[in-house]
Each structure stands twice: as C-alpha cells, then as structure tokens.
Amino acid sequence: MRNISSGNLALLQGRQLVARDFLWIVARSFDGSPYPYGFWSGVGDISAPVTNPDTGLPNTRNFEGSGTLIQIGDVPQVANITVQNVTISMSQIDAGVANIVRGHDLKQARIEIYRGLFNPDTRQLVDPAFLRWIGFVDKVTIKTPKENDAGSVEIECASHTQEMTRGNPDRRANDSQRLRSATDNFFEDVTTVGETEFFWGQKAGKVETVASPSLKTKVILSGK
C-alpha cells in the first residue's frame, strides 16, 4: 500500500487533483559519462521536485514537456520479485527525444517513472512527485514513417528485479577467489585438474571414469 501525504489525500478525496507523469532517464554519452534527462506529460518545460528513490528526500529536476512524453503503459503493482515490463511511447520528431535516443547510449539506461499531483487552482504540485516504477531500458524501437504515416519511439523497460536473475560466471575462478581473500587457493588448480595424470601400478595416464555396473538382486521365495 502506498502512503500519500495528507495534502494529497485531502484534495484526492475531493477529486480536485490533476495527475501528470514524469520520466527520468540516465543515459550515457559515448565517452561513458552519465547524461540524465527528464520528460513529463504536461505543457512546457518545468522544474519539479521528485522523491529521490535512493535517498527518500525531495530533489528538484528539470523536465521537458509539450508532447515529448506521449504515453506510459500500465505500471504493474505487484508484491513479488518477478521481472515487470513497462512500455513508454515518445515523440519521434521532438529534438530532445531524438537527442536522447540517437545521440546517446540507452543500453541498460536507468529509468525512473514518477506521478505528480497538481492542484488545479494553483497549478502547482501539492507535494514532490512520488516514484511509481524504477528499472532499466531493455529495447528501443524507432519507427521512421513514410509519407502520411505516423512515426514513434518506443522504449521497452524491465524492472530492477532483473538483476536478481543474473549469474556470476567467474565465481569458480581462481582470480575471483583471490579477490575475496589473497590466501584462498581453493580454486588454484581448477583449470588444470582435468588434465592431471595419475599412476596406478604399471598403468599411467588419466584416470578413466566408468559407470558402476548395475547390481542385480536375486530374490528366492520359499513356499510350501
């Protein structure tokens, strides 16, 4: 269950709030440096406070609007660790969107989706926009339209729980074991032990592994 502030709750019960979505992307420049950028579903550019998911404190960020963020798909609200997916549709002709998807590296870029609640009388956020979803870019599809057709940019994202599905390929390597402890030599011979030759009497060479013969049990039944 999400906790909302008393100010939001009061206006929400009176049906006096206007909801807007905020999208925060942390892309990478081609030199490897992070490039954060924000979009929102309202009109014009805005500086808005959001609740930082890492600190839980308000953090003011700049967001570009005016049709840049077209639609955010359904955000799954589940209480488990399964990987959830969200699709984001953006404008194909906006310069800011083109700069992000074409001029920067979006592979596994961090994605944060916020929901901001505005008071329609003051046109201001009642409280900092709250986090709805956090994850990473999984796939970017850019549709360049032909004449009289519509183009689009679709960003498919996977939730951060996908990190729990990743394996560690070097966990049985001697080098990685030494990083844990410089004196730990448990895997020192792991790459050569399969080629080691043993001598047994007059026979030399690798030890052959053979399947053990099946045991047959003979049961004698006695009777009258």
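Hi everyone, let's start with serine 29, which counts as buried because its relative accessibility is 18%, and the cut-off for buried is under 20%. Please keep in mind that this is a predicted model. Where does serine 29 sit? You'll find serine 29 in the loop between strand 1 (18-28) and strand 2 (34-40). Setting aside residues up to four places away in sequence, serine 29 touches Tyr35 and His104.

Now to the inside. The largest nonpolar core has 22 residues, and the members that touch the most other members are Leu23, Ile25, Ile88, Met90 and Ile111. Several elements give two or more residues to this core, among them strand 1, strand 6 (85-90), helix 2 (95-103) and strand 10 (152-159). Which strand gives the most to this core? That is strand 7, with four residues.

Let me zoom in on methionine 90. Leaving out neighbours within four places in sequence, methionine 90 is in contact with Leu23, Phe39, Thr68, Leu69, Ile70, Val97, Ser152, Val153 and Ile155. There is also a second, separate core of 10 residues, and Trp24, Trp40, Phe63 and Tyr114 are included in it.

Finally, let's go out to the surface. Here Ile4, Leu9 and Leu12 make up a nonpolar patch, and together they have about 230 Å² of accessible area. Is leucine 12 buried, partly exposed or exposed? Its relative accessibility is 44%, so leucine 12 counts as partly exposed.

How values were computed. Residues are numbered from 1 along each chain as its sequence is written. This is a predicted model: local features need pLDDT of at least 70, side-chain atom pairs count only at pLDDT 80 or more; totals for chains, interfaces and linings use all residues. Side-chain values use heavy atoms; hydrogens and water are left out. Patches are made of residues with over 30% relative accessible area and no salt bridge: like charges are joined within 9 Å, nonpolar side chains (Val, Leu, Ile, Met, Phe, Trp, Tyr) within 5 Å. Accessible areas come from the Shrake-Rupley method with a 1.4 Å probe; for residues, only the protein chains shown count as cover. A salt bridge is a side-chain nitrogen of Lys or Arg within 4 Å of a carboxyl oxygen of Asp or Glu. Buried means under 20% relative accessible area, exposed over 50%, partly exposed in between (1.4 Å probe, protein chains only). Contact means heavy atoms within 4.5 Å. A nonpolar core is a set of buried Ala, Val, Leu, Ile, Met, Phe, Trp, Tyr and Cys residues joined through side-chain atoms within 4.5 Å.
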